[in-house]
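Open the model in your viewer and keep the sequence panel beside it. This tour tells you what to select at each stop and what is there.

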Amino acid sequence: MISVIMPCTLQEYEGGAKKRKEKLDRAIKSFLAQDYAEKELVCVADGCMDTIQFISDNYNHEPSIRTYYLSKQEHFSGNVRDFGLKRPNGDYIAYLDADDKLGEPTHLSKIVAGFKSPHADWIYFDDYVKYFELDHLPLAPREAKLTFGNIGVSNIAHRNFKDIEWSGCNFYNHDYIFVQRLIDKYPTYKKIEGTSYVVCHIQNGCDT
């Protein structure tokens, strides 16, 4: 099984995406469209009961979605993902931001296959950026590198380790702090091809 951790809130905040309800719905639908059967979505509502209510009203019939409430955390706090990371059933962990989406239905199956032959403790991959609302325009590919500003949750997946945590991975560079922990603790990793995470909320992108 692969578990996808998704922090989410429908509350507006400075710098946050607009139309948050529509984008949360888009993210969930992109997860459900994945062709890999053994999957679960772990949603962590960051101090927002409206998020819990929205998921309950619209996706209560989906057994692969589990929702949790966490008291409101500081912006860019690693505690939200850490809360989710303590609750997955999966052998592998991937991530999805509530204002992004998974592109092709094969995204999760490519990740699971990527952990095998040769063995890897964690993997990373390129992502895509959606700059325009028009679906017929191509996505812009971004190359993932193990350097600051070039890798984040849109580029990684790891095994369900019990000794790795997001706690303390705070501020704007929280993703990179976590990647550094992976590099230091688990040096067996590799880059894979064929995944399709789509970053939508980005400077000059369609969701800003």
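**Stop 1: an exposed serine**

Start by selecting Ser117. Ser117 is exposed, at 72% relative accessible area; exposed means over 50%, buried under 20%, and partly exposed in between, using a 1.4 Å probe and protein chains only. Residues are numbered from 1 along each chain as its sequence is written. This is a predicted model, where local features need pLDDT of at least 70, side-chain atom pairs count only at pLDDT 80 or more, and totals for chains, interfaces and linings use all residues; side-chain values use heavy atoms, with hydrogens and water left out.

Ser117 lies in the loop between α4 and β6. Helices (H or I, at least four residues) and strands (E, at least two) are DSSP runs, numbered from the N terminus. Check the backbone here. Phi of Ser117 is near 45 degrees, a positive value in a residue other than glycine. A cis peptide bond, with omega about 0 degrees, joins Ser117 and Pro118. Pro118 sits in the loop between α4 (107–114) and β6 (122–124). Most residues other than glycine have a negative phi, and most peptide bonds are trans.

Jump to Phe171 for another positive phi, near 70 degrees. Phe171 is in the loop between β9 and α5. Its relative accessibility is 63%, so Phe171 counts as exposed.

**Stop 2: the whole chain**

Zoom out and show the cartoon. The chain has five helices and eleven strands. Its radius of gyration is 16 Å, close to the 17 Å that the globule rule gives for 208 residues, so the chain is as compact as a globular protein of that length. The radius is taken over C-alpha atoms, and the rule is 2.2 Å times the number of residues to the power 0.38. Along the principal axes, the C-alpha trace spans about 40 × 40 × 35 Å.

How much of the chain is buried? Buried residues make up 52% of the 208. Among contacts with a separation of 6 or more, 74% are between residues 24 or more positions apart; contact means heavy atoms within 4.5 Å.

**Stop 3: salt bridges**

Show Lys, Arg, Asp and Glu side chains. Side chains of opposite charge can pair when their charged atoms come close. The count comes to nine salt bridges, each a side-chain nitrogen of Lys or Arg within 4 Å of a carboxyl oxygen of Asp or Glu.

Select Asp46 and Lys72. Their side chains meet in a salt bridge at 3.3 Å, N to O. Asp46 lies in strand β2 (residues 39–46) and Lys72 in the loop between β3 (65–70) and α3 (79–85), so the pair ties together parts 26 residues apart in sequence. Asp46 is buried at 10% relative accessibility, whereas Lys72 is partly exposed at 46%.

Next, select Asp175 and Arg81. The closest N and O atoms of this salt bridge are 3.5 Å apart. Asp175 is in helix α5 (residues 174–185) and Arg81 in helix α3, so the pair links parts 94 residues apart in sequence. Asp175 is buried at 15% relative accessibility, and Arg81 is buried at 7%.

Then select Lys185 and Asp163, whose side chains meet in a salt bridge at 3.8 Å, N to O. Lys185 lies in helix α5 and Asp163 in the loop between β9 (156–159) and α5, so this pair ties together parts 22 residues apart in sequence. Lys185 is partly exposed at 42% relative accessibility; Asp163 is partly exposed at 46%.

**Stop 4: buried residues**

Select Met6 in strand β1 (residues 2–8). Met6 is buried, at 0% relative accessibility. What does Met6 touch, not counting residues up to four places away in sequence? Its contacts include Leu24, Ile28, Leu41, Val44, Leu96 and Asp97.

Move to Asn155, in the loop between β8 (140–142) and β9. Asn155 is buried at 3% relative accessibility. Beyond its neighbours within four places in sequence, Asn155 is in contact with residues including Ile123, Tyr124, Phe125 and Ala144.

Finish at Lys130, in the loop between β7 (127–129) and β8. Lys130 counts as buried, at 7% relative accessibility.
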